Structures are given as structure tokens and as C-alpha cells.
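Hi everyone, thanks for making time this morning.

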Amino acid sequence: MGVECGFYQGSTNCCGCPETIAVRNILEVAGKKTVVVNATSCLEIVSSQYPHTSWGVNYIHGAFENASAIASGVSLALENMGKKGNVIAIAGDGGTLDIGLQALSGSLERGDKICFVCLDNNAYMNTGIQRSSATPFGAWTTTSPHGRFSIGKEEWKKPIMEIVSSHRTPYSATASIGFITDLKEKVRKALEKGNLPSFIHVECPCPLGWKFDPSKTVEIAKLAVETGMWILYEIDNGNFRITKPVEKRKPVKEYLRTQGRFSHLFKSGNEGVIKKIQEQVDSEWGKLLKLSGQK
Amino acid sequence: MTKKILEGSHAIAEAVKLCDPGVVAAYPITPQTHIIERLSEMVADGEFKTKFSRAESEHSAMSICLGAQASGIRTFTASASQGVALMHEVLYNVSGMRLPVVMAVANRSLASPLNIWCDWSDTFAERDSGWMQFYCESAQEAFDTIIQAYKIAENPNVSLPAMVCIDGFILSHVYEPVDIADKKLVRKFLPEYRGRKIDFDKPVTQGAWAGPDYFQAFKRDQHEAMRNAKDVIRRTNSEFKRISGRGYGSGLIETYNMESADYAIVTMGSLCGTIRHVIKEKNIRDMGLVKIKSFRPFPIGEIKKALNGVKSIGVLEKNISPGLGGALCYEIRGLTRKRSVSAFVGGLGGRDVKMEDILNVFDDIREEKRGLIWV
Amino acid sequence: MERKITKAGVTSKPTIGLKKSGWRTFRPIITENCKGCGICVMHCPEGCIRIDNKKAKVDYDYCKGCLICANVCAFNAINGEVEK
């Protein structure tokens, strides 16, 4: 790790940050012939404070919503120069699902040769834990706090994988820092020339924003998959496959219980919310099992 | 050298083809559409080998140019009005990152109300963005300025992006004879892009964020680069004149009839053509024209010198800063000490500025009329 | 006078300069149970664990003391100690 994978020590991320875990492992697969285009996000802020930089690969930061478009420009330039290399756009959930959605859609539609990685920590963490469309139902954030008239976020998570796959992207997959080998394999596939443009959606449990002890980052990522709150699958040139099947899912309660952002759901009167979440997870699983040809 | 009858937009397209940017990314908006349509035809026919990206918005179009330029490729885009407004933040990114992107702007008003005709509100809104701005009077000038803009922008002492502005419809859609420079000539004048290129063995970080202790230094550098640009613009103009026979004043400003003038009118763009015509037709001796070609960097010294001998001045502009008046007028007022500077705002939203209007403006300048005068 | 900056703020050498050791509440201690499997290396957010001579070694200059390494270790070979 460290020097070899293109992301040096000394970045100012929080203790227990999942994003740097993801980035180090992604860069280990991508190698030095890589250009990273980063949207304004936690990752960008912790790694590129002038005059320091944590990046051992070429790195470009532009604005918040255009990681995808800038990456498209880089890939066209490399093509023009006859240089072969990976172009990886990295953005948070805000820079992918919300403000970045237009640029992402444009790049995917044009078929620009980029790999887009969404590091999803479920909120606009960089600016202080504000709600995004990727925030899960019932979660507390600073702009969707629970209160007398609110249970937290009242909308379901935006189905970005469905949006991306409907662009007929050659390769798209969900991944998690709780399953690094699976993540690395997906990155490898996503960077294959024939699979571009590709999209990887990485679950990144954030100790500060989700309110849990920093040592539990990887444990919670694993629990998300074990409860079905996060499903690991890939759509490889039309072939849908669940890469981490879960025989007997743990109840979602076990996942929700570990994080302070859901603690209000355990107060009396909010049982209905947990029930709704369980039903939604069950229904998602059913849908995906069907897509993968299983019952 | 070939001579063709071309629209302003097509003249720009021809110039871009000769400058050979490796990536062109654009989104259509009236009245710039003919520029990118002509470029698309050239690409489809193999006349112009470039990576043409049909961006899904102007914000993305400029972002694609940012990415490509940061990777080491010459780029081009074009826009107008709402598109320029939409890419506003990326304009600051591009100039802050010191990337010499060249953009053609077919000046058009900003909604609301929606209007597709000419005024300068789109580029005036970007005058602090750190982009150089050149305003053209004719299709020929637009052609010549695109080529010069790349050379100026890519100069290592400058490294700033440039906008080449033409009045929407008035120049973009009107046919004029244009001398198309020879490819060899342009290639010699404007060699391949030599800016920083992506090197996998020597990776760099671009676009880092800067805290309060460093940010101001970046801005100061940008400002110094803009000031350096003035000299580069002059030299580029002279060099271009040597090889093509066409120069535009000093490159920063042009004057007409100022030798014996008692009064001066200051303006930019196609209005200059109208004014020249009026002065010539009506045989006017006491009025001269100071045409500002380079709005940014603003040629303070040269304008002051040009206005030295006159009694009073008028500034005619196609823009209004509500609550103040015309922005250009106030920039000029700062240079003219005690003399009267009459303020004229007209032509907004494509409003026709006729010969009679110009003659009335001249009279008002002679009378040193006060207050904001709407043409 | 403002500080000097590189042209356009382009930086080229990753600067391993922001040492974080002062922030720690806990520190991970590798015990003799360590088999050098590298799971902790793969999961360290700071990239500050290396396998040296088949044993994990923590670079305490950059360790922030999150203790993810202790959490993921398959052999219970890492303990968390309160930083002195």
C-alpha cells in the first residue's frame, strides 16, 4: 500500500475513513498509467491541499458536478495523443447522483472511455453531513433531521444503478470496502477496454456522518451486505450477476442499530419505519434475484 | 491565400480548422450554432481531424475542454448567452488552472426576457473571470483573431484562456469576403501546443485547493499574466500583420479619424463598422473612433493616449449594469480625469443602431450631454 | 507579500509531510499472533501498515489510531492501547 498504489500517507481524512481504503485498493489495480479526475468532495479536500498532494498518479480536480465531463475530455485527449491509460472519475454521492448526474449521463451516452467510481457515503459529507438523494430512508442528516414532524429522510435512495444501466453501459457494479477482493475484481473488469464506459458504486460507511466508532468502518460495510441493505452485483455486458449471494439475510435492525443516524428509529412509535425498510430490502432482493435468474 | 464569401461563423470555423485543436467540445445555442455545425461537417468529411464531443450542456462542454487542455491538447469551444452563463463556474476553473482554451462567443443577450439577438451581456458578465476578451468588428477580424488568440493564450508568460467575441447575427450570420490564410503560414505562425502534457512517469496534481495563506498568490499571478498579455498581444498583432498584411491597430485598440478629431467615441465590435461608415459617408472631421479590441486585458495606457487630445468623449455600449449604467463607460471614465464622458447604452437585445442614431450620439458628445442616454 | 506558488499551482511530488501522530487516542499494537497475511494492510485507511519479515509493521507517524486493523484482523493479533 502507500507508495505502490498511488495514494500517499499524510492525507487529512478522518480517522477510519472508508474513501481512502477504497482509493488505495482501486489504484493498486489501476496502476500508474492512470489519470484520476476528482469532483469536489471529501476525497479531494483531504488529498489535494496546496502545496501538498497525496496523489502519486496524475490528478485533476475541477468542480463539483463535472468530474465525468472533465474525465471525458481527458480520455479524448489521451486518444488524440495516442497514449494508453486509465481515466477514472471519482466523485461522492452528491457528485454522482445529484449535481453530477447530468454530466455522468452525458458521458455514458456518448460512450466516453472512462471508469466512473462513486464513493457513496450517503450524504454531502464534505460540507457537513447534509442529505443527498443517496441518503437512506429514515436516516438523520443535518438537513433531514428527525423531529416531531419528521423521521429523517422521507424519500428512498435514488436507484443510480438502474439509471446507469439504462444507458446500456457495458459494465456497472456495486462494491463495498467490506469486500475488498470483490471490489478489486470489479475494478479490474471495469477498466478493461471493451467495458468502457463503466461505473462502480462503492458503499463507504462514514464514521463521522453515520455516527459509529471509527474502528467499525469495515465491519459495518460487511453488515450492510449481510443484511441486504447493500447488495453486491454486477451487470457485465447485459449479464446480471449477484457477486456476493447471501443465503440467510440478517434482519435490517442489526444494521440500523449500529449507527447513531438511525438511533431515533428505535424510539417507540417509529417501529413502522424499520418495518418499511425491511420490506423494501426484501422487495429489492426479490427483484434482483429474479434479474439474476434465481428464485 | 484564398478569398471566400463567408458568414462570420464559418470564418471562425475555417480559422479553428487551421489551428488544429485536438478536442472540440460544444453545445449548440443560437447564434453560435453555425460555427459548430460547420466544424461538424468538416469532421464528418475528414477535412478536420479532431475529437469532436457533442456535450450535453455548455457546463460540460467547457469541462471537457478543461480536461483535454489539462492533459496537453489544444481545444476549442463556442457558446453564447445562456451557455456562457451556464459555464460560468468552469470559466473560473479554466483560467484559475491557467489553461489556454479558446472560445468563440457569438454575443447574445441574457434572458429574461428571452431574446436571441445581440448584446454584450453574456461576455460582460465574465469580465472578471480571468479570460482574455477580444471583440471583433468583421468576419475577417474574427478569422484573424482566432488564430492570434491561440498564440497569445499559449504564450508561457500568459497561459490564460481567451474569448473571441463576435456580435451575434450581425457578424455571425452575415456574409463578407474573408481571406483564408494558407495552412503552411498558420502552422508556422502557430506551432503545435507546447503546454504541459500528461506524463505517466511524472504525474502531477492540477486543480488543488488553496487556503487563505495561498489563494491570493494565485490571483495575483493571474493578474500579472493578464498584464503580460498586453505586450504579447501587441507583438502577435505585428507578427500577424507581417505575414498576412492585416493588422488591427496595436492589437489592443484601433483608432479611426483621431488625427484631427476634437471629440471621440469609444466602442467595441460591429458598432465600429457602423461608426466608420457614418464618419466616412457624412465626411465628419471632428469625431474620431477609438475601438477597443482587447477588453481584457484592458489597455489603460493606450486608451488614455488615444483620448489625449479630445475635448469630450462618448462611450457607446451594448450592455447595462442596472443601477449603475454601462460598465464600459465607467471603465473609461476612470481614465479621462476632468473631461466629459457621455454615456450611451443601446443595441440591447439586437435593437438596431442606425446611422441616424449614431449621428445623434455624435451631437450629444459635442454637447457634453449628461446622464445615461438610451439609444 | 503573498507566498510564492508554482505556475497554476501544479504540484508534482506527493508530500508525505502531514504527520498525524499527534491526533491519536488509541494506537494499534501488533502481537506475536500476527501471521503476516496482509488483511490489515488492505484495510488501513492511511496505508501505513507494511508487511516486514512476515509481520505487520505500523508506521506510527501516519497512523491515526482508528483500529480498523484490530477489527479486521483474522487472528486477533492486534490490540488497541490508549496513546500515552
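**A walk through three chains**

Let's begin with a helix pair: H1(A) and H7(A) cross in a right-handed sense. A quick reminder before we go on: this is a predicted model.

For any such pair, two packed helices are described by the angle between their axes and by the distance between those axes. Here H1, residues 18-30 of chain A, and H7, residues 180-190 of chain A, pack at about 45 degrees, and their axes are 9 Å apart.

Which residues make the contact? From H1(A) we have A:Asn25, A:Ile26, A:Val29 and A:Ala30. H7(A) answers with A:Ile180, A:Leu183, A:Lys184, A:Val187 and A:Arg188. Sorted by class, the contact between H1(A) and H7(A) comes to six nonpolar residues, one polar and two charged.

Is A:Gln9 buried or exposed? A:Gln9 has 23 C-beta neighbours inside 10 Å, so it counts as buried. A:Gln9 also sits 6.7 Å from A:Ser54, C-alpha to C-alpha, although 45 residues separate the two in sequence.

Staying in chain A, let's turn to strand E4, residues 115-120. Six of its six residues are buried, so E4(A) is largely enclosed by the rest of the structure. As a general point, side chains in a regular strand alternate between the two faces of the sheet. In E4(A), A:Cys115, A:Val117 and A:Leu119 point one way, while A:Phe116, A:Cys118 and A:Asp120 point the other way.

Which strands pair with E4(A)? One is E3, residues 86-92 of chain A, which is parallel to E4(A) over five bridges. Within that pairing, A:Ile90 has A:Val117 as its bridge partner. Another is E8, residues 198-203 of chain A, which runs parallel to E4(A) and is joined to it by six bridges. There, A:Cys118 stands opposite A:His201.

Now for where chain A meets chain B. The contact involves 38 residues of chain A and 36 residues of chain B. On the chain A side, the elements giving two or more residues are E1 (34-38), E2 (58-61), H3 (67-81) and H5 (101-110). H3(A) provides the largest share of that side, with twelve residues. By class, the chain A side divides into 18 nonpolar, 15 polar and five charged residues.

E2(A) pairs in the parallel sense, over two bridges, with E9 of chain B, residues 205-206. The bridge partner of A:Tyr59 in E9(B) is B:Thr205.

Moving into chain B, seven strands form an open, mixed sheet in the order E3-E2-E4-E5-E7-E6-E13. Why is one side of E3 and of E13 left without a neighbour in the sheet? E3 (51-54) and E13 (294-296) of chain B stand at the edges with a single partner strand each, so one side of each has no neighbour there. From one strand to the next, the twist averages 20 degrees.

Within the sheet, E2 (residues 23-26) and E4 (residues 75-79) of chain B pair in the parallel sense over two bridges. B:Val24 has B:Phe76 of E4(B) as its bridge partner. Helix H2, residues 33-44 of chain B, packs on the sheet, where it touches E2, E3, E4 and E5 (102-107). The direction of H2(B) makes about 135 degrees with that of E3(B).

Chain B also touches chain C, with 17 residues of chain B in contact with ten residues of chain C. On the chain B side, E9 and H9 (215-244) are the elements that give two or more residues. H9(B) supplies the largest share of that side, five residues. The chain B side has seven nonpolar, four polar and six charged residues.

Last stop, chain C. It has two helices and four strands, and from the N terminus on they run β-α-β-β-α-β. Of its 84 residues, 37% count as buried. Among contacts in chain C with a separation of 6 or more, 65% come from residues 24 or more positions apart.

Conventions. Residues are numbered from 1 along each chain as its sequence is written. Chains are lettered from A and ligands numbered from 1 in the order in which they are written. This is a predicted model: local features need pLDDT of at least 70, side-chain atom pairs count only at pLDDT 80 or more; totals for chains, interfaces and linings use all residues. Two strands pair if DSSP finds at least two bridges between them. Axes are lines fitted to C-alpha atoms, for helices over the stretch in contact, and angles run from 0 to 180 degrees between N-to-C directions. Two residues are in contact if their C-beta atoms, placed from the backbone, lie within 7 Å. A crossing is left-handed if the near helix is turned anticlockwise from the far one by less than a right angle, and right-handed if clockwise. Ala, Val, Leu, Ile, Met, Phe, Trp, Tyr, Cys and Pro count as nonpolar, Asp, Glu, Lys and Arg as charged, and the others, Gly among them, as polar. A residue is buried if 20 or more other C-beta atoms lie within 10 Å of its own, exposed if 12 or fewer, and partly exposed in between; C-beta atoms are placed from the backbone.
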